[in-house]
Amino acid sequence: MTLVVNKSVPGAGVHALIVGVSDYLNLPDTGEPSSDETWNLTKLSSPALSAFRIFEFLTTVGLRLPLKTVRLLLSPSPAEVQVEPRLANTTPTRASRANFSAMASQWRKDASNNPDDMTFFYFAGHGTQRGSEDSVLMLDDFLTSAAPLNECFEMHNVRSGMAPTDTRPNIALTQFYFIDACMDRNAKLRTFLNPTVPAVFGIELSGKDKRAAPMIYSTVDGAFALGRSRKPSHFAEALSLAFIRGAEEPDDVTGLWPVTATTIKNSLDFYYTKNKLGTLVTVGSFVGSPVIRYLAGPPDIDISVEVKPDDLGLPCTIGVLDENNVTPAGCNPGAKTKFDLTVKAGIYRVEVNSGRLTSNPFCSPRRTFMKPPQMPWTHNLALLLKPPI
């Protein structure tokens, strides 16, 4: 499970490197007190499971290109293994600095043969920020050596090392980077004078960098990531939903619905807002908005419908109809004046039947939903009510 290789893929394909670090060898267990010596950090209980779920998606559902290689490095916590026993099979190849460096080198080598290939990078675990787009991510043997950041890597170094150069002129030009880690300025980092992080890649001079290589972080600069005990992180869950829902309009030629870096960002922000998580994702090094996968048809969209006032009398029915006057599956609110609904992207209207209305039924103007709305779809019928007798 550490390395999946499909040598039968003709033409372009995907090379993935997925890393999830929960069981940090030198940090106290989750819930136990930490200290300045351990950077006030503890072990985690969602990154390995989160990375494994992303791995599952790539190997079962897939992206717009077939998979050529998938490398998986996981250091799972015992709690995560209880939730997902298959994680135990990955522990021989843990997410140590040495293993990461070796796999990153092979990942880059495999991705250097066809510019039409795509790379996919996902990291979940501890991280810190030294400056704008200067994230340092911690591997499972963090704090093993005397040098504080020896068992870390710089995201900027990894991304820069994947640029096309004279020695790698045919490296994949479509690259996706997803980082699920805290981006706060750890106080311990400020006590060292110019702490250095060993390079994963030597950075060669490159000519024209024509990559489309967006980098999406799970949180904003200076903030903490949102893990969950024994569950995939909010970012992993939101990203998985974005892969299957994050399209906003069909392609004019093929009719397929493209999921792009931009639509993923929008989908993630909607999830964060809907779940009141108090932060937003950050897009760094946003170069182009490449397509990561296509949907065959309109995606599911979550909408909220609200009809005012709350008391419309009985009998009363409120419903949502599509452009063919068909009620979407699962829409049966009855007399509820506020409800949530999942519909396919398209055109809809609200219909209200109530004896209290001066003109019955009320039919709202049609509205097109191509992506989840940030606010409820509200209809105020107060002026249409009959005066009380």
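**Terms and their grounds**

Q: Where does P361 lie?
A: P361 is placed in the loop between β16 (346-354) and β17 (362-363). Strands here are DSSP runs of E with at least two residues, and helices are runs of H or I with at least four, numbered from the N terminus. The peptide bond leading from N360 to P361 is cis, with omega near 0°.

Q: What kind of model is this, and which conventions apply?
A: This is a predicted model, in which local features need pLDDT of at least 70 and side-chain atom pairs count only at pLDDT 80 or more, whereas totals for chains, interfaces and linings use all residues. Residues are numbered from 1 along each chain as its sequence is written, and side-chain values use heavy atoms, with hydrogens and water left out.

Q: Which other peptide bond is cis, and where is its proline?
A: A cis bond joins K308 and P309, with omega about -5°. P309 belongs to the loop between β13 (300-308) and β14 (316-322).

Q: How many helices and strands does the protein chain have, and what share of its residues is buried?
A: The chain contains 6 helices and 19 strands. Of its 389 residues, 54% are buried. Buried means under 20% relative accessible area, exposed means over 50%, and partly exposed lies in between (1.4 Å probe, protein chains only).

Q: What makes the span of helix α1 agree with expectation?
A: The expected span is 1.5 Å times one less than the number of residues. For the 14 residues of α1 (residues 47-60) this should give 20 Å, and the end C-alpha atoms are 20 Å apart, so the two values agree. G62, which follows α1, has a positive phi near 90°.

Q: Why is α1 called mostly covered?
A: Of its 14 residues, 11 are buried. Among them are P47, F52, F55, E56 and L58.

Q: Why does T174 count as buried, and what does this residue touch?
A: The relative accessibility of T174 is 14%, so the residue counts as buried. T174 is found in strand β8 (residues 174-180). Not counting residues up to four places away in sequence, T174 touches R64, D117, M118, T119, A212 and P290, where contact means heavy atoms within 4.5 Å.

Q: Why is K276 called exposed?
A: K276 has 73% relative accessibility and therefore counts as exposed. This residue lies in the loop between α6 (261-274) and β11 (282-284). Its phi is positive, about 50°, although K276 is not a glycine.

Q: What makes the ring pair of W39 and F192 stacked?
A: The structure holds 16 aromatic pairs. Rings of Phe, Tyr and Trp (its six-membered ring) pair if their centres lie within 6.5 Å; planes under 30 degrees apart count as stacked, over 60 as edge-to-face and the rest as tilted. W39 and F192 are 6.2 Å apart centre to centre, with 20° between the planes, and form a stacked pair. W39 lies in the loop between β2 (14-21) and α1, and F192 in the loop between β8 and β9 (215-217), so the pair ties together parts 153 residues apart in sequence.

Q: Are W39 and F192 buried, partly exposed or exposed, and how do you know?
A: W39 has a relative accessible area of 3% and is therefore buried. F192, at 31% relative accessibility, counts as partly exposed.

Q: Why is the pair of W107 and F121 called tilted?
A: Its ring centres are 5.9 Å apart and its planes stand at 40°, so the pair is tilted. W107 belongs to helix α3 (residues 97-110) and F121 to strand β4, so the pair ties together parts 14 residues apart in sequence.

Q: How do you know whether W107 and F121 are buried or exposed?
A: W107 has a relative accessible area of 0% and is therefore buried. F121, at 0% relative accessibility, also counts as buried.

Q: What surrounds F121?
A: Leaving aside neighbours within four places in sequence, F121 is in contact with L17, F100, W107, F153, M155, F176, Y177 and F178. Ring pairs link F121 with F100, W107, F123, F153 and Y177 into a cluster.
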